[in-house]
Structures are given as structure tokens and as C-alpha cells.
Amino acid sequence: MSALVISDVHANLEALEAVLADAAQRGYDEVWFLGDAVGYGPDPNACVERLLSLEPRVWLAGNHDWAALGRLDLAAFNPEARLATEWTQAQLLPEVRALLEGFSPRMDDLEQGLTWVHGSPKHPVWEYILDSSVAAAGFEAFRTDLCCFGHTHVPMLYAEGLDGVERCRPAPGQPLNLEAGTRYLLNPGSVGQPRDGDPRAAYALVDLAARQATIHRVDYPIERVQEKILAAELPPRLALRLGFGW
Ligand code: ZN
């Protein structure tokens with residue numbers, strides 16, 4: 001069984017389509033989506049509808065999804081994120097809003113040994129796992145062998161070993177072995193707003209039978225999305241940052 005793992009689409013339809021086309025060529029059995037379908041980007045409704053067409057086994061709520069539903073205090077957002085959230089709130093179709101209302105920021109499948117969170121196992125909505133010490137605390141908050149998380153927009157693998165937590169920045173296209181008996185936290189990176197200096201859309205394929213995870217990066221028409229962001233009068237920096245992957 002292999003899974004397409006995607007996170008942080010952020011209303012970037014061009015990036016989502018590029019990821020789906022690339023992943024379709026490699027093949028996968030099911031989709032795990034780790035949250036933040038909307039926020040920042042110009043196509044919130046279309047992205048939610050496209051995600052829905054994939055019939056994901058896992059669909060989590062992210063902090064931007066909840067913000068767009070009015071479930072989070074926007075004071076916690078920076079000014080650009082706040083403006084983008086207010087814009088998104090005005091765009092969301094009633095049926096899209098109703099769909100997003102149904103998701104939670106964490107799921108567990110104890111039988112299969114899988115956990116999925118948007119932010120971290122400890123704080124699934126808000127916490128960023130950006131270093132090994134936060135990852136170490138995260139390992140205490142789930143019981144399964146593999147937890148997939150998003151939210152940082154940076155592809156990363158943390159392994160819980162005897163000597164503490166090891167961090168590995170995966171090279172695109174290089175399969176990583178998930179050793180039996182070791183527990184992992186895996187971030188597939190962001191589809192719609194990468195923040196690791198590589199502007200290409202990111203996703204992961206996890207092959208549970210082969211116990212391997214691979215990060216892939218895909219080019220997409222960034223300029224088209226930048227034009228849409230400017231035309232929608234979203235903050236111009238949200239267009240700029242896509243070009244840098246930051
Ligand atoms: Zn996000």
C-alpha cells in the first residue's frame with residue numbers, strides 16, 4: 001500500500017495540479033492530506049473541490065482552515081496572513097465551508113500504526129516542529145510507528161533512536177528507509193507555499209510495504225499564481241514569496 005502525502009496546499013491550484021499529475025505517474029493507492037487547504041492563495045474553493053475529488057482517506061484541518069471558518073483568533077496571525085484569511089472568509093462557498101467544518105487536526109489508526117497531525121502530536125493545530133527537541137516532545141504524544149505532520153512547510157524526517165532524536169533533511173527523489181522498530185515523524189513539505197528555499201511544490205510518497213518514504217519536488221507555473229494573487233488584491237508579498245520558496 002502506498003500513500004500520497006500532501007499538506008499546506010494554501011489555495012494554490014496550479015501547484016496542487018502539478019503535484020497530482022506527477023504523483024499519478026508514480027502511482028499511489030490513497031491520499032493523506034494534512035491540512036491547510038486554504039489561506040494565502042487565490043483559489044480556495046477550487047482547491048477544496050479538487051481535494052474532495054481525490055476522496056482522501058485522511059483529511060485534516062489546519063490552522064488556516066480553522067481561521068477561515070472563524071474558529072481561531074486572527075490576532076495570532078501576522079498582518080499578511082490576517083488579510084489573506086479575511087479575503088478567504090469572504091470567498092468560501094457555503095458548501096466548501098460546511099465541508100471544512102467536518103475535519104479535525106489529528107487522526108490515529110492504531111491498528112495500522114499511523115498518526116496524522118497538522119502541527120504536532122502535542123498541539124495539532126498550532127505547534128511547529130522545527131527542531132529535534134520539539135520533535136522529541138512530539139514522540140511522547142503519539143503511540144504509533146509513523147506520524148505524518150505538516151504546518152512548517154519544510155520537508156523533514158525525524159527518527160526516534162536510542163541516542164535521542166535524529167533529524168534528516170530528505171533529498172528529493174531519494175527513498176528513505178523506515179526501519180522496523182524505529183518511530184518516525186515525517187513532513188512532506190508544502191504543496192502551495194514551500195519555505196525551504198526551493199520554490200517547487202513538495203509532496204511525499206510513503207510505501208508501507210517497502211517501508212520507504214520519498215519526497216518529490218515539482219515545478220509549476222508560479223507566475224500564473226502570482227498574477228492571480230495580485231489580481232485578487234491579496235498582499236503582494238504573498239506572490240513574491242512563492243518565487244523564492246520562502
Ligand atoms: Zn500552512
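User: Which residues touch the most other members of the largest nonpolar core, and what makes it a nonpolar core?

Analyst: Among its 49 residues, those with the most touching partners are L4, I6, L16, L51, L100, Y203 and Y220. Helix α1 (residues 13-26) gives the largest share, seven residues. There's also a second, separate core: 20 residues, including L114, L146, C148 and V206.

One heads-up: this is a predicted model, where local features need pLDDT of at least 70 and side-chain atom pairs pLDDT 80 or more, while totals for chains, interfaces and linings use all residues. Residues are numbered from 1 along each chain as its sequence is written, and side-chain values use heavy atoms, with hydrogens and water left out.

User: What does L4 touch?

Analyst: Leaving aside residues up to four places away in sequence, L4 is in contact (heavy atoms within 4.5 Å) with L20, A23, Y28, E30, V31, W32, Y203, A204 and L205.

User: What makes D8, H10, D36 and H153 donors of the zinc ion?

Analyst: A donor is an N, O or S atom within 2.8 Å of the metal (3.2 Å for Na, K and Ca), and sites may look incomplete because water is not among the atoms. Here D8 (OD), H10 (NE2), D36 (OD) and H153 (NE2) lie 2.0 to 2.5 Å from the zinc ion, so they pass the 2.8 Å limit. Along the chain, the donors follow the spacing D-x1-H-x25-D-x116-H. H10 sits in the loop between β1 (2-6) and α1, and H153 in the loop between β6 (146-148) and β7 (156-161), 143 residues apart. Both H10 and H153 are buried, where buried means under 20% relative accessible area, exposed over 50% and partly exposed in between (1.4 Å probe, protein chains only).

User: Why is the site of the zinc ion called irregular?

Analyst: Tetrahedral needs all angles of four donors between 85 and 135 degrees; square planar (four) and octahedral (six) need opposite donors over 155 degrees apart and all others between 65 and 115; anything else is irregular. The four donor atoms here make angles of 86 to 178°.

User: What makes β4 and β8 edge strands?

Analyst: They belong to an open sheet of six strands, ordered β4-β5-β6-β10-β7-β8, with mixed pairing. β4 (106-109) and β8 each have a single partner strand, so one side of each is left without a neighbour in the sheet. β4 and β5 (residues 114-117) pair antiparallel over four bridges, where M107 stands opposite W116.

User: What is the strand order of the other open sheet, with β3 and β9 in it?

Analyst: Its order is β3-β2-β1-β11-β12-β9, with mixed pairing. The edges are β3 (58-59) and β9 (176-177), each pairing on one side only.

Methods. Core = buried A, V, L, I, M, F, W, Y, C linked by side-chain atoms within 4.5 Å. Helix = DSSP H or I, 4+ residues; strand = E, 2+ residues; numbered from the N terminus. Pairing = 2+ DSSP bridges.
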